[in-house]
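Hi,

Here is the structure I promised to pass on. Have a look at it first, and my notes follow below.

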Amino acid sequence: MKTSPVTVADLQRSVIAVPPLARNADLSLNHDANRVVLRHLEAGGVRSVMYGGNANFYHIAVSEYARVLDFLAQAAGDDTWVLPSAGPDYGKLMDQARLLRERAFPTAMLLPMSFPYTDAGLADGVRRFSDALGRPVVVYIKSEHYLAPETLARLVAEERIAAIKYAVVRQDPGQDPYLSDLLAAVDKRYVVSGIGERPAVTHFRQFGLSSFTSGSVCVAPRGSMQMLRCLQAGDFGQAEALRQAYLPLEDCRDEISPIRVLHDAVTLAGVADMGPMLPLLSGLAPAERERVAPVAQALLARDREAHAA
């Protein structure tokens, strides 16, 4: 596992994969399947892996947290950056910070709160988590005005933030006043497009972002990595062509459930058996699996064919 401090170059060198976490039937961690997913990502060029919502870190018990961290650190390749999550509630955040501080992860992401919080209270929590961790952290913005741009700017100036994962869903990603205000307050190099391939072209071309996270990369890593390189080179036409391959799976995720579809899509595509989901989530219904299976299989097949060519 890569343990050097996070830099802007780290954010830009790879698509930041956000994979599910495989479980056995008894809900214990499936080490073999999770290693298969990591090797699949690494073989496709991915070197940054974030375990957050898709991995259902919301519901991981603090009593299991250290074992999960130690496994991920051991399972990742030497040059792979592993980014675990913590929280979202304050008590869990601080308990997990103590466990993270004992380990070599260069940063961790705060899972977003939905209720209850205030801007000032969240900023205080970021500061306390950063202090307890002893490192800058990643803040996950999933709803509009979750934190005021000026608040985030102060936290960046205090060197408490390594990156901001921006994941506010818009019907038209080009119309985003909050993102515009955020980028007026914070250096764009800190902001990562955090909603997969769908808005990535617009986020790069219109807003000047230079990295993105992806769940579908766990099925098809090579195309997603190629898309990142095209975006960074300003070849938006080719990036858009590559993006089209991911939209059928992204449509399933948007229309059914982003987390649940991705978890089962990795299984249905044939990458690895992810097993059941940790409660309080559940896997897809049979009809949903029938819809997702051919889409996931086609995406993986396309990725392999493109690499073979």
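The largest pocket holds about 660 Å³ of space; bear in mind that this is a predicted model. It is lined by 32 residues, and the ones closest to its centre are Tyr-140, Lys-142, Gly-194, Ile-195 and Pro-258. If you sort the lining by class, you get 13 nonpolar, 11 polar and eight charged residues. Three elements each put at least two residues into the lining of this pocket: β8 (213–214), α11 (247–255) and α12 (258–269). Of the elements, α11 gives the most to the lining, with three residues.

Next, a pair of helices. Helix α3 (residues 62–75) packs against helix α4 (residues 90–101) at an angle of about 35 degrees, and their axes are 10 Å apart. The crossing of α3 past α4 is right-handed. On the α3 side, the contact is made by Val-62, Tyr-65, Ala-66 and Leu-69. From α4 come Lys-92, Asp-95, Gln-96, Leu-99 and Leu-100. By class, that contact has six nonpolar residues, one polar and two charged.

Now for the charged pairs. The structure has 23 salt bridges. One of them joins Glu-158 to Arg-127, where the closest N and O atoms are 2.9 Å apart. I picked this pair out since the two partners sit in distant parts of the chain, 31 residues apart. Glu-158 is in the loop between α6 (149–157) and β6 (161–166), while Arg-127 belongs to helix α5 (residues 119–133).

A few backbone details to look at when you have the model open:

- Phe-115 to Pro-116 is a cis peptide bond, with omega near -10 degrees. You will find Pro-116 in the loop between β4 (109–110) and α5.
- Pro-279 and Leu-280 are also joined by a cis peptide bond, and here omega is about 25 degrees. Leu-280 is placed in the loop between α12 and α13 (286–308). Note that α12 is also one of the elements that supply the pocket lining.
- Asn-56 has a positive phi, near 55 degrees, although the residue is not a glycine. Asn-56 lies in the loop between β2 (48–51) and α3, and α3 is the helix that packs with α4.

Cheers

Key. Residues are numbered from 1 along each chain as its sequence is written. This is a predicted model: local features need pLDDT of at least 70, side-chain atom pairs count only at pLDDT 80 or more; totals for chains, interfaces and linings use all residues. Side-chain values use heavy atoms; hydrogens and water are left out. On a 1 Å grid over the protein atoms alone, a cavity is a set of points where a 1.4 Å probe fits but cannot get out, and a pocket is an open set with protein on both sides within 12 Å along at least five of seven lines; lining residues have an atom within 4 Å of a point. Grid points are joined across faces, edges and corners, and a volume is the space filled by probe spheres set on the points. Helices (H or I, at least four residues) and strands (E, at least two) are DSSP runs, numbered from the N terminus. Ala, Val, Leu, Ile, Met, Phe, Trp, Tyr, Cys and Pro count as nonpolar, Asp, Glu, Lys and Arg as charged, and the others, Gly among them, as polar. Axes are lines fitted to C-alpha atoms, for helices over the stretch in contact, and angles run from 0 to 180 degrees between N-to-C directions. A crossing is left-handed if the near helix is turned anticlockwise from the far one by less than a right angle, and right-handed if clockwise. Contact means heavy atoms within 4.5 Å. A salt bridge is a side-chain nitrogen of Lys or Arg within 4 Å of a carboxyl oxygen of Asp or Glu.
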